[in-house]
Structures are given as structure tokens and as C-alpha cells.
Protein chains: 2
Amino acid sequence: MKQHIAERMHGISAFYVMELLQRAKQLEARGRDVIHMEIGEPDFPTPPAVIAAGNRFLRTGEVKYTPAAGLLALREAIADYYHAAGINVDARRIFVTPGASGAFLLAFGISINPGERILMADPCYPCNDNFVRLFGGRSELIPVGADDDYQLSADLIAEHWGAECKGALIASPSNPTGTVIGREALRQAIAKVTELGGCFYSDEIYHGLVYDDAVSSALAFSDKVFVINSFSKFFGMTGWRVGWLVVPEEFIDAAERLAQNIFIATSTQSQYAALASFTPENLAELEARRLEFQRRRDFLCENLPKLGFRIARKPQGAFYVYADSSDLADDSFEFAKELLETQAVAVTPGRDFGVYRADRHIRFAYTASVDRMAAALTRLETFLCR
Amino acid sequence: MKQHIAERMHGISAFYVMELLQRAKQLEARGRDVIHMEIGEPDFPTPPAVIAAGNRFLRTGEVKYTPAAGLLALREAIADYYHAAGINVDARRIFVTPGASGAFLLAFGISINPGERILMADPCYPCNDNFVRLFGGRSELIPVGADDDYQLSADLIAEHWGAECKGALIASPSNPTGTVIGREALRQAIAKVTELGGCFYSDEIYHGLVYDDAVSSALAFSDKVFVINSFSKFFGMTGWRVGWLVVPEEFIDAAERLAQNIFIATSTQSQYAALASFTPENLAELEARRLEFQRRRDFLCENLPKLGFRIARKPQGAFYVYADSSDLADDSFEFAKELLETQAVAVTPGRDFGVYRADRHIRFAYTASVDRMAAALTRLETFLCR
């Protein structure tokens, strides 16, 4: 009997938070008021200018396939966006994709052979490892802690590099830790991977959402890197599913062929809507949102420690706090389940992001208002005094 | 130096028609009036009811992620659509995907192991083979001709089955031939694959667009099949990128896990818009379009033979005529290039669909009005008299 599930699926697990999400829905169906701090999706609606552009485009009725690499105008707008940040990228190297998910599919599909390994940090976003597995590769998860800013470094890359290594992935700002790799550390990491002859993948989907210092794209240091980005987070367009991938010149042809075959193209109306993201008015709206996220981060970083959580590195970007809960519970997954059950507060357990000290950590997403989070902290306090 | 392209990309080729498309654009940029009969995309705009639904949804601003498997309401609407055709499918088996492309990614990703083979017809849609390669599998292309209705049969499947076979794919109506597998032949093919212990994949993306007899979904004969379908063709929603996959019960969990990881979800506004497809008013609009396609098919099938093309099997569905050009030219690709260059008529060469008698065939897409096609045939006549 051959009608069985492909072997790769044994290594691709569901997220633990899905179990919590499902339970949260059940509780809500029974009238409980669940406070969601588990979801990696901003509570803001899509910016008005982007909605308006989407509506204008739809009224034409001409929702036809675009070229596989995306609308030329959008690729050029993205190139201009880089240019405004002092980085020159040929629009031909930019591929519009169905979200950052599509960008990862494309990047790994054109570069990873079965058996090859990609170095990445533990903790990290769990899909990244699963994308590698999809193509028969394996991730090598390197334990990182607060002393490393939860990021890989040139030294860690050199130390863990082996014959079967294809490359290294750095996500900055990081999900789940919100930490940013320093400019010089990023430059050195890219140089090290290049020296080793590997591919450097830079997950920059939280770029724009940084609160203290500026963040550098890997493109500032090399033309030979893969950069994954998205309109989902900073630009507030999660459900539209539109992101992009920048590839080294030598990979343009392969990316074009693979995109033709596995996507045909990205949603047309999403691309036209995304084109409206770069106006000064919209960027001003996004800046206001960024300041609100910063306020939320500061609120959490000030108040979570009062409850006994430890935050070893203040997050500088994204919308997550990765808090050490080991003074409060032995197993953060059990903690999260009980917290949801008794107090209707949903958070994500560390084990969704790796194995290294995972059961000692909880990810709080500040994708809810300060008022809602204040209510959540009151419930947490009640929970901890149980 | 490891920064090289993945080996799988050597087997994934660009479509030959892309070369023609690019040239067509150059000609248009110089003011030439190109008649497009190469494109697998209807000329009709998205139906008004669907556009209206998309606009209504966008105005809410709440374009957030949906569940990975799609909106429950849409999965249920699709289940109801099957139910109206006399087929019972549990909505839990239906996964909404980013186009049929996403459905193929999901179906093959959860079922094909490296080294396994999938039987498919030659000629067939070229992406199907490339999706198999993406996961380290290989297609076995089985030459089929007019006597086979350009379709696999239980006998052909039995004859070509081997130890490394994972399953068989049947696309009906077929792209490029427009032929439909008979109800009994489909039943037998499914029974044979099941008996052999393999997976049966049914590409039904042109369902709804049939002109003579009704067409049966593979789901009418078995619950153990994978069915790929889409809102692109019959429902007129190409650029929206929304399709669906039906999986056997045992694959639900794997499909859920893989969809979470590689898509997050399908474009939200596309899903809400697709929900408006099933109203009686919209179905009436689609029926009018179907009749127009039928008129176009009949026009081509009557007139192409007058120019010397042979149509060995009258197409019964989709919007393609696969015409034998061997009385007119030795190499249909060269023919297509010259036709575009001298007469500004774009068609797709057979070699985009396989190797079996490929250079003797041309695919005409009737995605242009009868008037435009009449003009194209006049130009063809001039070309043939050169």
C-alpha cells in the first residue's frame, strides 16, 4: 500500500499554539472574553490608503495574472524604497511573492539540495526549519541566549559549519525574541558565510518595526545574499499575502522559472494595493503605528518583571517579548494552558520556537492595546497568586 | 563554492511560450496589434458579483489571516457545491489554497517522497511535472494520442506501473487538448490506481467549462483521491489566486500542518470574494460565458481545418484547441515564432506540453472574441500563403 503520507511530513509539526488557539475559540464561543497575546498579527486594520487602492483596482474588474516575478511597478517601488535607505538593488533581483512564505519557498527551492544543512538560531520562527525540510534539507539549530542577543554570530557560524552546510539564516528583528543583530555583527556574519562559500539568508520581515536604533538590511553589505521581506508586518497587510524576495544576480533565472511554476503569480489586487504603501501619507500612518508598538513594548518590559518574568534582553523590534518564566513555572506550555483555561489570556509557549530552554520561556505578542494588555497583566497576577 | 543553484532546478524549465510572450510585448511596445491566442486566461473580467463582494469586504479594513485551511464558510460553500452535483464531501477534507498552484504544492508535498514516480499523460500541463520534481519525485510521461482521447486509461496505468510509482495524475478537461475522460474510463482508472495501492490525483481546474456532455469529478467514484480545483478558470478569478484541494481523510492532518507552514493562509479578500461565486445570479453569468466559450470552440473547430490544421479529437472542455500542424510545418515552435514575427498572432507551441509529437502541434487558446479570432485566422491564411 503506497497511499501513505510523505516522509518529510514526519518532521513537520503543527505549532503548539494551535492547540491553545483552538481552545481559545471554544472559550469565546461560550462567552469568555479571551485576551489574545499569542498572535503574530497586528490588531491594526490595513492602512486606509492601501484599502482605497485595493478598492480602486478591483473596480476595474481586470484582476488578471501579473508576471510571475510581480508587477514591474511594484518591483521598482521596492527598489526605490531600498534606494531611499541608501541601498541600490536592481529591480530584476526583486521577486514579489505570496507573503514571506512564498519568498522562503522560492529562496530555499532554488538553492537547497537534499541533505544540505542551514544554520539557524534556537529560538527561531518554526516555519523556517520546516521550509528547509520541505526540500529535503535539514536545519542545524544553534542554541543562542541573551549574551548572543539571541542571534547567530560569525564565530557561531564558523564553529558549527560543516561539509554538508549550505548556508545560514539570520532573522533580525527576531521572532520570538525581538532582538536585532548589530550592524557590525551582521556584516561579519555575512562575510563569514561568504568566506565559507555558503548562502546567506536574511529574514527581514520585521524591518521597519524597530524602536531604538536603526536596523541594516543585509543588502547594505553584500549583493550575494537572499533577503526575505513582506508587506504583512510593518506595512500592516497580513491577510493580503504579499511579500518579496531579493536574490543574488546568478539566481534570477532560477527564481523566475520556479515562480512561474509554483505560483503563476501573487494575488494581483494585493500587488496593486501594496503599491500604495510607499506614499508619504501612508508612511506617516505607519510611523504612528510604530510609536504605538514602542509604547506597548515599553509597557510590557516595565510590567512583566514586576510579576516575576525575566527579560534578559530588551527587545528592539518586531512585536514580541520573549520572557523567562522559569521563576514562575517549570513548564511554560503547561503554564500557558492553565493561564488560558483559568484566566482567558492566550500566550505562546517557548517550545514553538525550538528546544533550547524552550520550556522556560513564553512569547508575549503586543498585538493588543495597552488597555487590553493591562487587563491581561491583572489576570496574570491573579493567576500567579492562585 | 557552495553558492550554487539547487540541482532540482536543472529539470525545471521555463515555458517556451514565455519567449513568445516577451517578443509579443516588444512588438506591442512598437505599436503592433498582437492577437493573443497563447494565454490560458479568459478575456472576461471577474464577474461583477465577485468584484462587489471583494470591495465590500475590503471596506471593513479587516484583512487578517484566515485559518490555514481557509475560511470555514468557503470550505462549506465548496462542499455544498459538490453536494448540488450529487457528491458528498466533508468540508474538513477541503483546503482553500493560493490557486491550483497551491493545491498542487500541498497535494504533492504531503504525498510524494524523493525518487517516487507519478504517471501522467504526454501532452499535459508542464507545471504538473515540475511540481513533482520540486519534491524530488519524477514524472513518467506516457504518450497519448487522439485514440486515447489524449487521456490515461486503466490499461495504460497498469502497463506503465512500476515499483517506484506513487500514483497517477489525470487532468480532465485536459490542458492542452481540451479532451475529457469518459465517466466509465475515469472510474476504471481510479479503481486501477487504488488496486495498485497508489495515489490518484485529479486535476479538475477546468470543470464547469465543458460543452457537450457533463463531466464527473473523481470524487463521484472514490473518497481516496486528491482533487485539485480552482476559482481561476470557470469562476473567472485568475488574478485572485484562490483554488482548493480535496484530500483523503487520512491526509487531513498532514495537509493542515503543511498549509500552516508554507502558506500561513490564502489571500483573505480573495476568499471572501470567492464566497460570492455560488449565488444563482453569478452562476447564470458564468453559464452565459460558458456558452460564449462553446461558440468560440465551434468557430475554431470549423475554421482551423480549412487552413490545413487537423483536429483529431474535438475538444469538449477548457478553452484550448490542440491542432496538428504537421501538414503546414515541420517544427511548430519555429512556426509559432514566424507567425508572431510576421503576422502578430501569438500561439503556444506543442513542446511546452511534452515531447510526444510535440513539434507537430500548436495550442490555440480561445480566450479572445470570435471577431479577434477571425482576424487571426485571416492573418494565418496570409502567413500560409507566403
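Author: Begin with the terms: helices (H or I, at least four residues) and strands (E, at least two) are DSSP runs, numbered from the N terminus. Over residues 33-373 of chain A the chain is 36% helix and 16% strand, and 13 Å separates the end C-alpha atoms. UniProt, in an unreviewed entry, places the feature "domain: Aminotransferase class I/classII large" at these residues, 33-373 of chain A; its positions are given in the numbering used here, feature names are shortened, and annotations may be inferred rather than shown by experiment.

This is a predicted model, in which local features need pLDDT of at least 70, side-chain atom pairs count only at pLDDT 80 or more, and totals for chains, interfaces and linings use all residues. Residues are numbered from 1 along each chain as its sequence is written, chains are lettered from A and ligands numbered from 1 in the order in which they are written, and side-chain values use heavy atoms, with hydrogens and water left out.

Reader: How many residues of chain B are in contact with chain A, and what area is buried between them?

Author: The size of an interface is often given as the accessible area lost when the parts come together. Buried area is that loss (1.4 Å probe), summed over both parts. Between chain B and chain A it is about 6,500 Å², with 50% from carbon and sulfur atoms. Contact means heavy atoms within 4.5 Å, and 79 residues of chain B are in contact with 79 residues of chain A.

Reader: Which element of chain B gives the most to the side that touches chain A?

Author: Several elements of chain B each supply at least two residues, among them helix 2 (48-59), strand 5 (165-171) and helix 8 (252-262). Helix 8 of chain B gives the most, with 6 residues.

Reader: What rotation superposes chain B on chain A?

Author: Copies are superposed by least squares on the C-alpha atoms of residues with pLDDT of at least 70 in both. Here the rotation is 180° with 0.0 Å of shift along its axis (RMSD 0.0 Å). That is the relation of a two-fold axis. Of the residues of chain B, B:Asn55 comes closest to the rotation axis, at 2.8 Å (C-alpha). The copies meet through the same surface, because 100% of the interface residues of chain B are also interface residues in chain A.

Note on methods: Buried area is the accessible area (1.4 Å probe) that two parts lose on being put together, summed over both.
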